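Let's walk through a few charged side chains together. Have the sequence and the 3D view handy.

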Amino acid sequence: DFFGSRLPGSLFDNYFSEDTWAPLIDIEENKDEFVITAELPGMKKDDIDISIDNNTLVISGEKEAKEEKKEKTYHRIERSYGKFYRAVSVPRHIDPEKIKAGFEDGVLEVKLPKSEKAKSKKIEIK
């Protein structure tokens, strides 16, 4: 199953604690590439790591919690802080040398170009 997603709490229990959170992602395909977008509000690009290995794209890093002040009383804390991790299985027919990533307004965009072999090709009848 391409684009299977692995969340914290399965294969990686020994590496990540229960405090690890997973960013929300969208996966889109067009004729030339796959595009994965991830919501990472409040992050800086230097706090995000992206890698691809064995047909798995991994997005990870850490979002620092704001310092709690003693004179404040929190009634609700819903935002995620701490380590984050998201792994996505990708098809074999991408070109890993041409992967590009950008980060703007809290949204990470990773473009995974299809290899020339994977692109559909019109065959002329002679």
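Q: Which side chain meets D95 in a salt bridge?
A: Side chains of opposite charge can pair when their charged atoms come close. Here a salt bridge means a side-chain nitrogen of Lys or Arg within 4 Å of a carboxyl oxygen of Asp or Glu. For D95 the N to O distance is 3.9 Å, and the partner is K98.

Q: What should I know about the model and its numbering?
A: This is a predicted model, where local features need pLDDT of at least 70 and side-chain atom pairs count only at pLDDT 80 or more, while totals for chains, interfaces and linings use all residues. Side-chain values use heavy atoms, leaving out hydrogens and water, and each chain's residues are numbered along its sequence from 1.

Q: How many salt bridges are there by this rule?
A: Among them is the pair K31 and D32, at 3.6 Å from N to O. Another one joins the side chains of E109 and K111, at 3.9 Å. By this rule the count is four.

Q: Is K31 buried or exposed?
A: Buried means under 20% relative accessible area, exposed over 50%, and partly exposed in between (1.4 Å probe, protein chains only). K31 has 64%, so K31 is exposed.

Q: Where is D105 found?
A: Strands here are DSSP runs of E with at least two residues, and helices are runs of H or I with at least four, numbered from the N terminus. D105 sits in the loop between β7 (100–104) and β8 (107–113).
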